[in-house]
Amino acid sequence: ASTSVSTPVDQVDLLISQVAEEHGLAVSEQLHSGPILKPTTEQSVAEQDELGERLAKLKSKT
Amino acid sequence: MPCLFSAFSFMASYARAPAQTSSVEELKKLQRQSFDIVSGGLDIDEVDPIQAMGLYKRGITIMRQAVRMNFGPNETEARLIQDKMQQNMEQIEDRCRTIEERVASR
């Protein structure tokens, strides 16, 4: 009698792609955070603008 | 007039001294550091102004270091960042004075 041992190829592939995707996402998350990235001039200027706005708001409030 | 002459020659030598140029990356690093600290101060300013003032003063120390950095005439980006830091530094100093006055009048 033949036993059905058909490997669920589709499911395995799906699992691999899921793992790869998870791994890929984890890697890209690491790439986009962390101290390795240097701030651009635009970021530096934007941060100072943000401070200026918050300080002005605080001054007008109190 | 030896005194006047020596003062003049001192000024002349100062003007001739080559200004040490700094890297824009270093400036951005100080900008980020001070931004994080001052933002923390702003977050708590209304609940704990004294602690906020401690953070502001730490931020000012770093900002002062940043605005004193020397850059070549072509480093317009660095100058833009420095100008903004200078303006904000004055506002933060103003905020510290306000907090100090308020604490003193309690």
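The crossing of α2(A) and α4(B) is left-handed, a term used if the near helix is turned anticlockwise from the far one by less than a right angle, with right-handed used if clockwise.

On the chain A side, A:Thr41, A:Ser44, A:Val45, A:Gln48, A:Asp49, A:Leu51, A:Gly52, A:Leu55 and A:Leu58 take part, meeting residues of α4(B) that include B:Glu77, B:Leu80, B:Ile81 and B:Lys84. By class, this contact of α2(A) with α4(B) has 8 nonpolar, 7 polar and 4 charged residues. Ala, Val, Leu, Ile, Met, Phe, Trp, Tyr, Cys and Pro count as nonpolar, Asp, Glu, Lys and Arg as charged, and the others, Gly among them, as polar. Two residues are in contact if their C-beta atoms, placed from the backbone, lie within 7 Å.

## Model and conventions

This is a predicted model, in which local features need pLDDT of at least 70 and side-chain atom pairs count only at pLDDT 80 or more, while totals for chains, interfaces and linings use all residues. Residues are numbered from 1 along each chain as its sequence is written, and chains are lettered from A and ligands numbered from 1 in the order in which they are written.

## Content of the two chains

Chain A has 2 helices and 0 strands, and chain B has 4 helices and 0 strands. Helices (H or I, at least four residues) and strands (E, at least two) are DSSP runs, numbered from the N terminus. The elements of chain B run α-α-α-α from the N terminus on.

Of the 62 residues of chain A, 8% count as buried; in chain B, buried residues make up 26% of the 106 residues. A residue is buried if 20 or more other C-beta atoms lie within 10 Å of its own, exposed if 12 or fewer, and partly exposed in between, with C-beta atoms placed from the backbone. Among contacts in chain B between residues at least 6 apart in sequence, 64% join residues at least 24 apart.

## The contact between chains

In total, 18 residues of chain B are in contact with 13 residues of chain A. The elements of chain B that give two or more residues to this side are α2 and α4 (76-104), and α4(B) gives the most, with 10 residues. By class, the side of chain B that touches chain A has 7 nonpolar, 4 polar and 7 charged residues.

Helix α2 of chain A (residues 41-61) also packs against helix α2 of chain B (residues 24-44), at an angle of about 25 degrees and with the axes 10 Å apart. These two helices, α2(A) and α2(B), are therefore roughly parallel to each other, and their crossing is left-handed. The residues that meet are A:Ser44, A:Glu47, A:Gln48, A:Leu51, A:Arg54 and A:Leu58 in α2(A) and B:Lys28, B:Gln31, B:Phe35, B:Val38 and B:Leu42 in α2(B). They divide into 5 nonpolar, 3 polar and 3 charged.

## A:Leu55

A:Leu55 is found in helix α2 of chain A and is buried, with 22 other C-beta atoms within 10 Å. Not counting residues up to four places away in sequence, A:Leu55 touches B:Asn88, B:Gln91, B:Ile92 and B:Arg95.

## Helix α3 of chain B and its packing

Helix α3(B) covers residues 49-67; at 1.5 Å a residue its 19 residues should span 27 Å, and its end C-alpha atoms are 25 Å apart, which agrees. The expected span is 1.5 Å times one less than the number of residues. Buried residues in α3(B) include B:Met53, B:Tyr56, B:Gly59 and B:Ile62, and the buried residues of this helix pack against α2 and α4 of chain B.

With α4(B), α3(B) packs at an angle of about 150 degrees, the axes being 9 Å apart. The pair is therefore roughly antiparallel, and the crossing of α3(B) and α4(B) is left-handed. The residues of this contact divide into 14 nonpolar, 3 polar and 4 charged. Further along, B:Glu100 lies in helix α4 of chain B and is partly exposed, with 13 other C-beta atoms within 10 Å. The C-alpha atoms of B:Glu100 and B:Met53 are separated by 8.7 Å, with the two residues 47 apart along the chain.

How values were computed:
Axes fitted to C-alpha atoms, helices over the stretch in contact; angles between N-to-C directions. Parallel < 35°, antiparallel > 145°, perpendicular 65-115°, else oblique.
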